[in-house]
Amino acid sequence: MFNSFWELITYDIGIDLGTVNTIVYLRGKGIILSEPSVVAINKRTKRVLAVGKEARQMIGRTPANVVAIRPLQDGVISDFDTTQAMIHYLIEKTHMQCPKFFKIPKPRVIVGVPSSVTEVERQAVLDACKTAGARQVFVVEETMAAAIGSGLPVEEASGNMVVDIGGGTSGIAVISLGDIVIDKTIKIGGDEMNQDIVNYAKQKYNMLIGDRTAEDIKIALGSAAPLEEERTVDLQGRDLLTGLPKSVEISSIEVREAIMPTIDTITQAAKDAVEETPPELVSDILISGLHLSGGGALIKNLSVLWEKKLKMPVKVVDEPLSTVARGTAEMLDHIELLEKIQKGWDEIS
Ligand SMILES: Nc1ncnc2c1ncn2[C@@H]1O[C@H](COP(=O)(O)OP(=O)(O)OP(=O)(O)O)[C@@H](O)[C@H]1O
Ligand SMILES: [Mg+2]
């Protein structure tokens, strides 16, 4: 009853606090924010100047006392203060977009974080939401949120397998009865593939390319198994010998070769998870299939490779970049779900 009163005068938000992207869901309105997890700060005054796209554009174009920081790296919170500043900003910005202008900024918040974060880091997220005005906060593991966002019946007595390949982590989990039975999360993801492409260009073409260029190439050509039609694009960078601009043609076959070591590592972790899963749950997964989410799920033909290597159906979920945010949304709509999730969440109120 008390909660219904709060629902009238406040709003609920779900946040996917990702290494690369942060997505905010406002209950009743849908996804209202999708921003890179970047914060621009004045080094001297410590004041936050911009968050998200605006902050990313500042990288390399700012005076010396302004720095653009990615507060989450490799799936861990590497900068507490900046993470807190980012959460603060997101909650404030959400309030401004709130459809009912008379509502007060005392939201209920669910935050999905990489399952590799430590207890101290989880506490920092809880505190950040509290100081930003939240009246109740839940921190959930992103694999659990990804499973719920994929539409899997996590609270039932059946095996559900989800792999969420983000920028800094690959969350691999088998879930049954609301509990994470197997967790093989590794601190490797799409960022590592970008680095693979940078290294490939250096070794094969004696060329230095930027991280953003590597990411563009990965998104355009990245694949895990042969494509029906292999493609090429121009790759631009700097010649390491002459220091001058250089351009070469790079093919999807080469990009596949470049990113394969990272894909192999993630594949092996998924294999290990299956091997450790009790046989009854494996037989459930053989029917429901492994669900693949996160930006890394968009690597072309990853499901083709995994169906062959893992010998089970592999489904890329719809709109994999927002699966975790949709999972938090589902929890906000069915708050009793949180009670059924036995592990992987903390609450303060
Ligand atoms: N079309 C695409 N093809 C391949 N990779 C992609 C594509 N779109 C995005 N990515 C990659 O997905 C990653 C970002 O995914 P996502 O937003 O799920 O990560 P995150 O949630 O921020 O990170 P994490 O879950 O590790 O904290 C980046 O490495 C990005 O390059
Ligand atoms: Mg993520």
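Ala201 counts as buried because its relative accessibility is 1%; buried means under 20% relative accessible area, exposed over 50%, and partly exposed in between, with a 1.4 Å probe and protein chains only. This is a predicted model, in which local features need pLDDT of at least 70 and side-chain atom pairs count only at pLDDT 80 or more, while totals for chains, interfaces and linings use all residues. Residues are numbered from 1 along each chain as its sequence is written, chains are lettered from A and ligands numbered from 1 in the order in which they are written, and side-chain values use heavy atoms, with hydrogens and water left out.

**Exercise 1.** Find the element that holds Ala201, and give the distance in space between Ala201 and Ala258.

*Solution.* 
- Step 1: Ala201 has its place in helix H6. Helices (H or I, at least four residues) and strands (E, at least two) are DSSP runs, numbered from the N terminus.
- Step 2: Counting along the sequence, Ala201 and Ala258 are 57 residues apart, yet their C-alpha atoms lie 8.9 Å from each other.

**Exercise 2.** Compare the span of helix H3 with the expected one, then look at how H3 begins and which of its residues are buried.

*Solution.* 
- Step 1: H3 covers residues 80-97, which is 18 residues.
- Step 2: The expected span of a helix is 1.5 Å times one less than its number of residues.
- Step 3: Where H3 starts, the backbone nitrogen of Asp81 has a side-chain oxygen of Asp79 within 3.3 Å.
- Step 4: Among the buried residues of H3 are Thr82, Met86, Leu90 and Thr94.

**Exercise 3.** Which side chain does the side chain of Thr262 contact, and is Thr262 buried or exposed?

*Solution.* 
- Step 1: Look for Thr262 in helix H8, residues 252-276.
- Step 2: The relative accessible area of Thr262 is 4%, so Thr262 is buried.
- Step 3: Its side chain makes a polar contact of 2.5 Å with the side chain of Asp196. A polar contact is a pair of N or O atoms within 3.5 Å; within protein, one must be able to donate a hydrogen and the other to accept it, and residues adjacent in sequence count only if both atoms are side-chain atoms.

**Exercise 4.** Locate Lys311 and Glu319, and say whether each is buried or exposed.

*Solution.* 
- Step 1: Lys311 lies in the loop between helix H10 (302-310) and strand E18 (314-316), while Glu319 lies in the loop between E18 and helix H11 (323-333).
- Step 2: Lys311 is exposed, with a relative accessible area of 65%. Glu319 is exposed too, at 59%.
- Step 3: Now check phi: the value is near 55° for Lys311, positive in a residue other than glycine. For Glu319, also a residue other than glycine, phi is positive and near 45°.
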